[in-house]
Amino acid sequence: MRLLVFWTIIVSMTFTLSAQAPTQPAMTLTIPGFPDGGHIPVKFSQAAPGVAAGEGTSPAMSWANVPAGTQSFFLNMHDMDLARNKTTDDQAHWVLWNIPAIATGLPEGVPKGSTLPDGSNQISVTGPMYRGPGAGANGPFHHYVFELYALDTKLDVKPSADAFETRANVMKAIQGHILAKAVYGGLFRRPQ
């Protein structure tokens with residue numbers, strides 16, 4: 001009987017404390033250039049006029065409700081509809097890590113370069129840059145996902161020559177350090 005009373009008190013206290021604990025709103029990611037789940041404009045793709053093969057102009061984005069203790073951000077943009085070499089790997093369109101904790105977004109047209117002026121690193125299948133969506137005109141729309149992670153650490157990961165290896169190293173390094181995640185997606189296929 002005493003054990004039952006004890007557990008009743010513990011359960012009651014747990015519910016009371018959790019009901020009183022303030023909840024922080026979820027971290028959000030916004031891309032003003034297109035609605036979440038909508039069509040990605042050609043200007044952010046490999047099909048934009050004047051864009052070199054495999055490149056593109058990255059969209060501006062912002063985030064909010066960052067959790068306390070955030071030390072850096074990691075952005076993973078990928079094409080969910082592409083299976084690389086018959087594996088679970090999908091296309092690495094933009095792997096951007098060690099974005100400073102004070103950042104509240106990224107401007108349109110992040111410049112090329114392995115290490116950016118703010119100390120963040122980037123890579124894609126094309127090289128040290130954003131790779132815009134490029135799904136073929138004759139196939140279905142592809143789903144492109146931007147995943148933003150708030151981390152409680154700055155990552156000690158150096159870019160390698162291979163985007164897939166680098167992304168795997170970053171994904172391994174973030175394990176146990178994720179404070180929050182926000183996701184934003186869009187659809188794209190090249191115009192006919």
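Author: Accessible areas come from the Shrake-Rupley method with a 1.4 Å probe. By that method the protein exposes about 10200 Å², and carbon and sulfur atoms supply 60% of this area. The model is a predicted one, and each value below was computed from it.

The setting of the sheet may be given first. The secondary structure comprises 2 helices and 9 strands, which follow one another along the sequence in the pattern α-β-β-β-β-β-β-β-β-α-β. Of the 192 residues, 41% count as buried. Among contacts between residues at least 6 apart in sequence, 78% join residues at least 24 apart.

The sheet itself is open and has 6 strands, in the order E2-E9-E8-E4-E5-E7, with mixed pairing. Its edge strands are E2 (38-39) and E7, each of which pairs on one side only. Strands of a sheet pair through backbone hydrogen bonds, either parallel or antiparallel.

E2 and E9 pair in the parallel sense over 2 bridges, with His39 opposite Leu187 in E9. E9 in turn pairs with E8 in the antiparallel sense, over 10 bridges; here Phe188 of E9 is the bridge partner of His142. E8 and E4 are again antiparallel, and 8 bridges join them. The antiparallel pairing of E4 with E5 also runs over 8 bridges. Ser72 takes part on both sides: its bridge partner in E8 is Leu151, while in E5 it stands opposite Pro100.

Helix H2 (residues 163-174) lies across E4, E5, E7, E8 and E9, and runs at about 45° to E5.

In soluble globular proteins, nonpolar side chains tend to be buried together. The largest nonpolar core in this model has 28 residues, and those with the most contacts inside it are Leu29, Met61, Trp63, Leu75, Trp94, Leu106 and Phe146. At least two residues of this core come from each of E3 (61-64), E4 (72-79), E5 (91-100), E8 (142-151) and E9 (178-188). Apart from it lies another core, of 13 residues, among them Phe74, Val157, Phe164 and Ile174. Leu75 illustrates the contacts of the 28-residue core: leaving aside residues up to four places away in sequence, Leu75 touches Met61, Trp94, Val95, Leu96, Ile99, Leu106, Phe146, Glu147 and Leu148.

Ser45 is found between E2 and E3. Its relative accessible area is 0%, and it is therefore buried, the limit for that term being under 20%. A polar atom of the Ser45 side chain lies 3.0 Å from the backbone nitrogen of Ala47. Beyond four places in sequence, Ser45 touches Val51, Glu55, Gly56, Gly132, Pro133 and Phe188. Among these is Phe188, the residue already named as the bridge partner of His142.

Terms used
Residues are numbered from 1 along each chain as its sequence is written. This is a predicted model: local features need pLDDT of at least 70, side-chain atom pairs count only at pLDDT 80 or more; totals for chains, interfaces and linings use all residues. Side-chain values use heavy atoms; hydrogens and water are left out. A nonpolar core is a set of buried Ala, Val, Leu, Ile, Met, Phe, Trp, Tyr and Cys residues joined through side-chain atoms within 4.5 Å. Buried means under 20% relative accessible area, exposed over 50%, partly exposed in between (1.4 Å probe, protein chains only). Helices (H or I, at least four residues) and strands (E, at least two) are DSSP runs, numbered from the N terminus. Contact means heavy atoms within 4.5 Å. Two strands pair if DSSP finds at least two bridges between them. Axes are lines fitted to C-alpha atoms, for helices over the stretch in contact, and angles run from 0 to 180 degrees between N-to-C directions. A polar contact is a pair of N or O atoms within 3.5 Å; within protein, one must be able to donate a hydrogen and the other to accept it, and residues adjacent in sequence count only if both atoms are side-chain atoms.
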